[in-house]
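Have a look at the structure, then read on.

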Amino acid sequence: MLHALSVGAWRSAVSVALESPSGLDDAARVDAIRALEEAACVISAAQAALARELDASQRAAQAEAGVPAARRGLGVAKQVGLARRVSHDRGARHLGLARIVASELPCTWAAWRAGRIGEWKATVIARETACLSLEHRLEVDRLIAGDPVRVEGMGDRELAGLCAAHAARLDASSVTARRRRAESERRVTCRPAPDTMTHVSALLPVKDGVAVHAVLTRAAVRARAAGDERTQGQVMADTLVAAVLAHEQRHQTTQAPAPGEPRAASSTRVNLNVVMSDAALFGTSEDPAHLVGFGPIPAELAREIIAGACAQGEELWLRRLYAHPHTGELASMDTRGRFFRGNLARFIRLRDQTCRTPWCDAPIRHVDHAHPDSTGGPTSDANGQGLCEACNHAKEAPGWRARPGPEGTITTTTPTGHRHTSRPPPVATIRRTDLPPLRVDYILAG
């Protein structure tokens, strides 16, 4: 029944909103926007219900196949991610929420199914009550979502704060234990931002985070008072970078050199790997480059990075790679080894750039065989794929199958028979198709 009322029926129901113009007056437009928002909430609840059913079914099938209890459910989150066109990590979060809300947060589940709240508010309630016993979790759920009109009108911060307050009142020791565990998971992450910038984020205990921000703020205030023309935000960012790089420089200059080697110059050595065409390197082309760990960057910025390394007297290494003259993908190489090591592993990481699973942008952690070595798969670039840790583990569940195809593709078949094909991103801009079989590009590590 659900399938019969799937995409076509939904599109028919909202076709009036997709017409241009819609023919509605402003009041009707607002009403339609609200109605569609409620429908979107209901649809996300239906996705959660189906994900929960899929999880139960797959676990039962794995039990029949003799999979140990501790490994049952492996690969289900990846199937959910592929179906929703998101990463494995987000698929796992969708699935985890689906399992918890329906069984342990009945009032929240009722509000979600009714379209009064969406997936994010359900996530907030589940997250803030995760440390509680089932009895206390049910109590918070009743207090928060028992009145669907009230929970619908709450903002995200208000909702999180109220859940946390109830949790602390009901079980202070569990909240304390959760805080200590969270402090042990402090970390720093880096992700791309628009305009060739990056977000470097630090997840810190509250006292440390507030202290760091206060120190940077004071530095900015002092600089501005002394006539510095930079904005407060610019001074704070520059102070943070200077402090971190100065720490690295002090560390390197205090390292004892190996016997017979001169002490290194007082400079900050950080390796950056850039893939760019030879034409872009020498300024005859503006083809974008690829900075490993970030993504595409303008050719001008890549040349600036290289020129800066040369100006500081740092070593610069050039390695020739080859791009396909039609697709721009890095071309093949081979090895007879069993494991992906050395240049072959480096090549696959450079070629794939991020996890090869569709819609998964996670960094590559494992270089693995698509067609397993145990069943005759070769250790070659064509049969190799860069995967994040979660995706690599997920494909070990029963029913998964991957095989290399033409032109660098890899097709993965899930336990339900769905097929997903990926291919490496191009690293070169191809303007001619009458070139020889291979074209030289470079990777520069400085």
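Asp-26 is exposed, at a relative accessible area of 58% (exposed means over 50%, buried under 20% and partly exposed in between, using a 1.4 Å probe and protein chains only). Its partner in a salt bridge is Arg-29, with 2.6 Å from N to O between the side chains; Arg-29 is partly exposed at 35%. A salt bridge here is a side-chain nitrogen of Lys or Arg within 4 Å of a carboxyl oxygen of Asp or Glu. Asp-26 and Arg-29 sit about one helical turn apart because they are three residues apart in helix α3 (residues 26-64).

Before going further, some ground rules: this is a predicted model, where local features need pLDDT of at least 70 and side-chain atom pairs count only at pLDDT 80 or more, while totals for chains, interfaces and linings use all residues. Residues are numbered from 1 along each chain as its sequence is written, and side-chain values use heavy atoms, leaving out hydrogens and water.

The structure holds 17 salt bridges. Here are three of them:

| Salt bridge | N to O distance |
|---|---|
| Asp-26 and Arg-29 | 2.6 Å |
| Arg-99 and Asp-55 | 3.5 Å |
| Arg-84 and Glu-119 | 3.2 Å |

Arg-84 is in helix α4 and Glu-119 in helix α7 (residues 119-128), so this pair ties together parts 35 residues apart in sequence. Glu-119 is buried at 16% relative accessibility, whereas Arg-84 is partly exposed at 23%. Asp-55 is buried at 5%, and Arg-99 is partly exposed at 33%. Together with Arg-59, they make up a salt-bridge network.

A cavity is a set of points on a 1 Å grid over the protein atoms alone where a 1.4 Å probe fits but cannot get out, and lining residues have an atom within 4 Å of a point; points are joined across faces, edges and corners, and the volume is the space filled by probe spheres set on them. Of its 13 lining residues, the closest to the centre are Lys-78, Thr-357, Gln-385, Leu-387 and Thr-412.

Note on methods. 1 Å grid on protein atoms, 1.4 Å probe; cavity = no way out; pocket = protein on both sides within 12 Å on 5 of 7 lines; lining within 4 Å. Helix = DSSP H or I, 4+ residues; strand = E, 2+ residues; numbered from the N terminus.
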